[in-house]
Amino acid sequence: MPVSILRSDGDEMFWVLEAGISHPEDMDELGPVMEPDIAIVLNAGTGHSLGLGGKGAAHYKSRLLKHTAAGGKALVSADYPDLVKEALAVRSDCIFFTAEGADAAYSAEYLGMGNDGRGRYRLLLNGTELMADSRLAGSYAAENIIAAAAAAHLLGLSPEEIAEGIANAPTPDQRFAYCEAGGWTVIDDTYNANPLSMRRMMEAARDRIGDGTLVFVLGEMLELGDEAVQSHREIGRLAAELGCSGLLWYGGHADDVRNGFEEAGAKGSFHRLENHQDFIPELKKLLSAIPEKSTKAVLFKGSRGNRLEKLVKLFMEAV
């Protein structure tokens with residue numbers, strides 16, 4: 001984040017900066033550098049538990065609210081009870097948003113995917129209703145969309161300008177980016193992963209493909225500390241509950257994922273990848289054992305250290 005600031009020329013009208021933290025002191029180092037006019041705390045899961053320790057992500061993310069510029073606003077998700085508690089302990093004047101129906105000034109509801117593949121959303125902007133569509137299609141995106149829309153509204157943009165911005169916002173690489181290849185919907189979310197984002201992307205993949213064939217190519221979620229075993233077991237369970245035809249796993253905690261997968265009564269097959277070269281042989285083994293369906297999707301997702309984008313490239317070359 002400081003490097004991003006130093007690369008700027010100072011003539012920008014707006015800066016949008018991310019305070020990435022993984023240790024207890026990080027936010028108190030980054031916050032005074034930013035002094036944001038609007039401090040947004042999007043969510044609070046178990047990411048970086050290894051470095052953050054017992055107080056957890058909600059506590060340390062909320063410390064950003066201590067470092068706003070004079071007159072700055074605090075915009076916080078109402079959907080995480082620990083986050084609400086920690087945020088209000090720092091500032092009593094937080095402005096809340098929700099994607100899950102909580103009591104908040106700003107809210108979003110996912111209405112489903114249109115025939116054009118775009119997501120439809122109903123937004124409430126402090127009493128003003130707005131319909132918006134986005135390249136992002138899924139309930140997982142409602143949280144991001146309402147946070148951005150709330151910030152834009154607080155900055156004085158009109159509902160029409162906000163709807164236009166949502167409609168035209170590009171999809172970043174390796175963040176639920178999808179394309180069609182060889183009869184497959186290929187979903188690339190390989191930039192990073194934690195338990196919260198992993199769950200949401202897996203559910204979104206199933207939602208997108210409906211009853212079709214779904215294959216997961218997933219990688220270890222890093223820096224979870226004491227949460228790692230249970231978090232990986234839960235991902236295995238979720239894969240089974242979503243009815244995937246197969247799960248290919250790369251990296252550590254493979255046994256924990258497999259245990260969860262089997263405990264939940266998985267009907268699909270589990271494949272452990274010792275290295276990237278195992279991927280195509282194991283994929284062919286998986287596909288040979290399942291019936292062909294007209295719709296099929298594959299989701300690639302894992303922590304940055306897994307470099308699963310290499311498997312995306314192998315898949316695209318193979319199909």
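Which residues do ring pairs link into a cluster? They are Trp184, Phe279, Phe300 and Phe315. Before going further, bear in mind that this is a predicted model, where local features need pLDDT of at least 70 and side-chain atom pairs count only at pLDDT 80 or more, while totals for chains, interfaces and linings use all residues. Residues are numbered from 1 along each chain as its sequence is written, and side-chain values use heavy atoms, with hydrogens and water left out.

Let's stay with the rings. A pair of aromatic rings is described by the distance of the centres and the angle of the planes. Rings of Phe, Tyr and Trp (its six-membered ring) pair if their centres lie within 6.5 Å; planes under 30 degrees apart count as stacked, over 60 as edge-to-face and the rest as tilted. Searching the whole structure turns up five aromatic pairs. One of them joins phenylalanine 279 and phenylalanine 300, edge-to-face, at 6.0 Å centre to centre and 70 degrees between the planes. Phenylalanine 279 lies in helix α11 and phenylalanine 300 in strand β12 (residues 296–301), so this pair ties together parts that are 21 residues apart in sequence. Helices (H or I, at least four residues) and strands (E, at least two) are DSSP runs, numbered from the N terminus. Phenylalanine 279 and phenylalanine 300 are both buried, where buried means under 20% relative accessible area, exposed over 50% and partly exposed in between (1.4 Å probe, protein chains only). Another pair, phenylalanine 261 with phenylalanine 270, is tilted, with 6.1 Å centre to centre and 50 degrees between the planes. Those two phenylalanines are buried as well.

Phe279 also takes us to a helix pair. Helix α11 (residues 279–288) packs against helix α12 (residues 309–318) at an angle of about 55 degrees, with the axes 10 Å apart. Axes are lines fitted to C-alpha atoms, for helices over the stretch in contact, and angles run from 0 to 180 degrees between N-to-C directions. The helices α11 and α12 are therefore oblique: angles under 35 degrees count as roughly parallel, over 145 as roughly antiparallel, 65 to 115 as roughly perpendicular and the rest as oblique. On the α11 side, Phe279, Ile280 and Leu283 make the contact, meeting Leu311, Leu314, Phe315 and Ala318 of α12; contact means heavy atoms within 4.5 Å. Sorted by type, the residues of this contact are seven nonpolar, no polar and no charged. Here Ala, Val, Leu, Ile, Met, Phe, Trp, Tyr, Cys and Pro count as nonpolar, Asp, Glu, Lys and Arg as charged, and the others, Gly among them, as polar.

Now look at helix α9 (residues 228–241) and helix α10 (residues 254–263), whose axes come within 6 Å and cross at roughly 40 degrees. That angle makes α9 oblique to α10. Among the residues making the contact are His232, Arg233 and Gly236 of α9 and Asp256, Asn259 and Phe261 of α10. The contact of α9 with α10 divides into five nonpolar, four polar and four charged residues.

Alanine 147 sits in helix α6 (residues 142–154) and counts as buried because its relative accessibility is 4%. Leaving out residues up to four places away in sequence, alanine 147 touches Ile40, Leu42, Leu75 and Phe97. Serine 107, in strand β4 (residues 106–113), is buried too, with a relative accessible area of 18%.
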